[in-house]
Amino acid sequence: MPRVAIRPSRDLADLLRRRRKELRITLREAEERSRAYGKVIPFSTLGKVEQGRVDPGVIRFQQLLDIYDIPKEVALEVVALETLRSEMPQVGDPEALYEEAVRL
(Lines give C-alpha, C1' and ligand atoms only; values in the text may rest on other atoms or scores of the structure.)
Protein backbone atom coordinates (compact mmCIF):
# COMPACT_ATOMS: atom_id res chain seq x y z
CA MET A 1 0.00 0.00 0.00
CA PRO A 2 1.54 3.34 -1.04
CA ARG A 3 2.19 5.99 1.57
CA VAL A 4 0.23 9.20 1.20
CA ALA A 5 1.23 12.42 2.92
CA ILE A 6 -1.38 13.70 5.36
CA ARG A 7 -2.03 17.42 5.18
CA PRO A 8 -1.81 18.89 8.69
CA SER A 9 -4.97 20.46 10.09
CA ARG A 10 -4.58 24.21 10.60
CA ASP A 11 -7.66 24.33 12.84
CA LEU A 12 -6.37 21.59 15.13
CA ALA A 13 -2.99 23.32 15.24
CA ASP A 14 -4.72 26.55 16.28
CA LEU A 15 -6.77 24.67 18.90
CA LEU A 16 -3.63 23.12 20.42
CA ARG A 17 -1.73 26.41 20.45
CA ARG A 18 -4.63 28.35 22.02
CA ARG A 19 -5.19 25.69 24.67
CA ARG A 20 -1.49 25.58 25.62
CA LYS A 21 -1.52 29.35 26.01
CA GLU A 22 -4.69 29.14 28.14
CA LEU A 23 -2.89 26.66 30.39
CA ARG A 24 0.07 29.06 30.48
CA ILE A 25 2.66 26.43 29.72
CA THR A 26 5.62 26.72 27.39
CA LEU A 27 6.55 24.26 24.67
CA ARG A 28 9.33 22.95 26.91
CA GLU A 29 6.84 22.40 29.76
CA ALA A 30 4.53 20.59 27.33
CA GLU A 31 7.51 18.42 26.34
CA GLU A 32 8.04 17.54 30.02
CA ARG A 33 4.35 16.74 30.47
CA SER A 34 4.48 14.42 27.47
CA ARG A 35 6.71 12.06 29.50
CA ALA A 36 3.75 11.21 31.72
CA TYR A 37 1.58 10.29 28.72
CA GLY A 38 4.02 8.07 26.84
CA LYS A 39 6.97 8.78 24.62
CA VAL A 40 8.47 12.28 24.91
CA ILE A 41 7.44 14.72 22.18
CA PRO A 42 10.30 17.18 21.55
CA PHE A 43 9.41 20.85 21.93
CA SER A 44 10.62 21.49 18.37
CA THR A 45 8.07 18.98 17.07
CA LEU A 46 5.37 20.53 19.27
CA GLY A 47 6.14 23.90 17.73
CA LYS A 48 5.82 22.54 14.20
CA VAL A 49 2.54 20.82 15.08
CA GLU A 50 1.15 24.04 16.56
CA GLN A 51 2.20 25.95 13.43
CA GLY A 52 0.32 23.44 11.27
CA ARG A 53 3.48 22.37 9.44
CA VAL A 54 3.56 18.76 10.69
CA ASP A 55 0.86 16.17 11.27
CA PRO A 56 1.54 14.65 14.71
CA GLY A 57 0.16 11.22 13.88
CA VAL A 58 -2.51 9.37 15.81
CA ILE A 59 -0.47 8.39 18.88
CA ARG A 60 1.13 11.80 19.38
CA PHE A 61 -2.18 13.54 18.73
CA GLN A 62 -3.79 11.44 21.47
CA GLN A 63 -0.95 12.44 23.79
CA LEU A 64 -1.42 16.12 22.93
CA LEU A 65 -5.13 15.95 23.69
CA ASP A 66 -4.27 14.46 27.09
CA ILE A 67 -1.45 16.92 27.81
CA TYR A 68 -3.63 19.92 26.96
CA ASP A 69 -6.73 18.40 28.59
CA ILE A 70 -8.82 18.67 25.42
CA PRO A 71 -11.82 16.32 25.13
CA LYS A 72 -11.65 14.06 22.08
CA GLU A 73 -15.13 15.18 21.08
CA VAL A 74 -13.90 18.76 20.71
CA ALA A 75 -11.11 17.66 18.37
CA LEU A 76 -13.62 15.63 16.35
CA GLU A 77 -15.92 18.65 16.02
CA VAL A 78 -13.04 20.86 14.89
CA VAL A 79 -12.12 18.35 12.18
CA ALA A 80 -15.75 18.01 11.10
CA LEU A 81 -16.14 21.78 10.81
CA GLU A 82 -12.85 22.06 8.94
CA THR A 83 -14.03 19.59 6.30
CA LEU A 84 -17.23 21.60 5.78
CA ARG A 85 -15.42 24.89 5.30
CA SER A 86 -15.18 26.04 1.71
CA GLU A 87 -12.16 27.66 0.12
CA MET A 88 -11.87 31.43 0.29
CA PRO A 89 -12.67 33.15 -3.01
CA GLN A 90 -9.62 34.26 -4.96
CA VAL A 91 -11.36 37.24 -6.54
CA GLY A 92 -10.88 40.47 -4.61
CA ASP A 93 -13.32 42.68 -6.52
CA PRO A 94 -16.63 42.98 -4.59
CA GLU A 95 -18.65 43.18 -7.82
CA ALA A 96 -17.04 40.00 -9.15
CA LEU A 97 -17.68 38.25 -5.83
CA TYR A 98 -21.33 39.29 -5.99
CA GLU A 99 -21.67 38.01 -9.56
CA GLU A 100 -20.04 34.70 -8.58
CA ALA A 101 -22.40 34.37 -5.60
CA VAL A 102 -25.44 35.01 -7.80
CA ARG A 103 -24.18 32.46 -10.34
CA LEU A 104 -23.70 29.81 -7.63
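Guide: Start with R24, which counts as exposed because its relative accessibility is 75%. Exposed means over 50% relative accessible area, buried under 20%, and partly exposed in between (1.4 Å probe, protein chains only). This is a predicted model, in which local features need pLDDT of at least 70 and side-chain atom pairs count only at pLDDT 80 or more, while totals for chains, interfaces and linings use all residues. Residues are numbered from 1 along each chain as its sequence is written, and side-chain values use heavy atoms, with hydrogens and water left out.

Visitor: Where is R24 placed?

Guide: R24 lies in the loop between helix 1 and helix 2 (27-34). Helices are DSSP runs (H or I, at least four residues), numbered from the N terminus. R24 is not a glycine, yet has a positive phi of about 55°.

Visitor: What is the phi of D69?

Guide: It is near 55°, a positive value in a residue other than glycine. D69 sits in the loop between helix 4 and helix 5 and is exposed, with a relative accessible area of 55%.

Visitor: Which residues touch the most other members of the largest nonpolar core?

Guide: In soluble globular proteins, nonpolar side chains tend to be buried together. A nonpolar core is a set of buried Ala, Val, Leu, Ile, Met, Phe, Trp, Tyr and Cys residues joined through side-chain atoms within 4.5 Å. Here the largest has 16 residues, and L12, L16, L46, F61, L64, Y68 and I70 touch the most other members. Helix 1 (10-23), helix 3 (43-50), helix 4 (57-67) and helix 5 (72-84) each supply at least two residues. Helix 4 gives the largest share, four residues.
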